[in-house]
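This report describes one protein structure, from single residues up to the chain as a whole. The sequence and coordinates come first.

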Amino acid sequence: MRLSIIIPFYNVEQYIAQCLDSVFQQAIPEEEFEVICVNDASPDHSRDIVLDYQKRHKNLIMVEHEVNKKLGAARNTGRKIARGKYIWNVDSDDMIAPNCLKEILNCCEENSLDVLLFGYSILRNGTLFEREKKPWAEDGKIYSGKAFWRQQCLKYTGEISPVWTKVLRRHFLDEAGIESPEINMGEDVPYSYKSVLFSQKMMACNIPYYIYRENVASLL
């Protein structure tokens with residue numbers, strides 16, 4: 001199992017199908033990755049939509065919370081059962097780029113990375129926008145997290161905050177004791193900062209592998 005994609009969901013019946021479609025529009029066999037959907041006690045029809053996808057995709061697993069525990073706890077629930085060598089946390093109202101998994105995983109595996117950091121585009125009112133900001137020096141170099149922080153992050157600290165701009169080696173997270181804080185807001189920041197700072201081998205690029213939907217109702 002090369003990759004575990006963890007997708008917590010709550011009240012996203014408008015978007016969850018688009019998210020899952022993007023995850024399954026990939027150029028690698030489905031037996032090479034798993035999709036872990038964590039139902040955080042969603043009150044709408046999101047669960048029914050995920051169950052329908054589960055009938056068509058054997059690599060989709062659904063885990064359910066009896067009560068709403070918020071985003072950090074839901075990510076940790078998915079992480080506990082993840083089997084992939086790498087982990088990608090994806091938000092249920094966002095998407096990933098078509099056919100990106102092969103490129104991402106090949107880069108991670110060929111370079112034995114703890115962290116691959118990348119860019120994102122923005123979906124605003126149905127239109128996809130590429131961001132003008134390109135913060136990372138695409139030099140193809142492998143850095144330690146501390147060296148990367150000193151050389152590239154000081155001007156762009158905020159750029160590393162979202163958890164979904166990173167694919168992370170699972171055993172690295174376990175060894176470093178990195179989990180999502182189980183708080184209502186801001187859980188991305190400590191998780192992301194630790195992931196970068198504690199890594200021994202990481203790379204960064206500006207390729208927009210992730211598609212972020214501007215959505216004021218997106219907080220779980």
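K70 is partly exposed, because its relative accessible area is 28%, and partly exposed stands between buried (under 20% relative accessible area) and exposed (over 50%), with a 1.4 Å probe and protein chains only. The model is predicted: local features need pLDDT of at least 70, side-chain atom pairs count only at pLDDT 80 or more, and totals for chains, interfaces and linings use all residues. Residues are numbered from 1 along each chain as its sequence is written, and side-chain values use heavy atoms, with hydrogens and water left out.

K70 sits in the loop between β3 and α3 (71-81); helices (H or I, at least four residues) and strands (E, at least two) are DSSP runs, numbered from the N terminus. The phi of K70 is positive, near 80°, in a residue other than glycine. Most residues other than glycine have a negative phi. N125 also has a positive phi, about 50°, and is not a glycine. The loop that holds N125 runs between β6 (115-124) and β7 (127-130). N125 counts as exposed because its relative accessibility is 79%.

I183 counts as partly exposed, since its relative accessibility is 38%.

| Residue | Relative accessibility | Class |
|---|---|---|
| K70 | 28% | partly exposed |
| I183 | 38% | partly exposed |
| N125 | 79% | exposed |

A73 belongs to the buried set of α3, together with L71, G72, A74, R75, N76, T77, G78 and R79. Helix α3 is largely enclosed by the rest of the structure, because 9 of its 11 residues are buried. The buried residues of α3 pack against strands β1, β2, β3 and β4 (86-89), and against helices α6 and α7; contact means heavy atoms within 4.5 Å.

Helix α1 (residues 16-24) has I16, C19, L20, S22, V23 and F24 buried. These buried residues pack against strands β1 (3-9), β2 (33-39), β3 (60-64) and β5 (95-96), and against helices α2 (46-56) and α4 (101-110).

Helix α7 (residues 188-198) also packs with helix α5 (residues 145-153), at an angle of about 110° and with the axes 5 Å apart. Axes are lines fitted to C-alpha atoms, for helices over the stretch in contact, and angles run from 0 to 180 degrees between N-to-C directions. The angle therefore makes α5 roughly perpendicular to α7, a class that covers 65 to 115 degrees. G145, K146, F148 and W149 of α5 meet Y193, V196 and L197 of α7. By class, this contact has 5 nonpolar, 1 polar and 1 charged residues; Ala, Val, Leu, Ile, Met, Phe, Trp, Tyr, Cys and Pro count as nonpolar, Asp, Glu, Lys and Arg as charged, and the others, Gly among them, as polar.

Taken whole, the protein chain has 7 helices and 9 strands. Of its 220 residues, 55% count as buried. Among contacts with a separation of 6 or more, 81% join residues 24 or more positions apart. The C-alpha atoms fill a box of roughly 45 × 35 × 35 Å, taken along the principal axes.

Notes: Angles under 35 degrees count as roughly parallel, over 145 as roughly antiparallel, 65 to 115 as roughly perpendicular and the rest as oblique.
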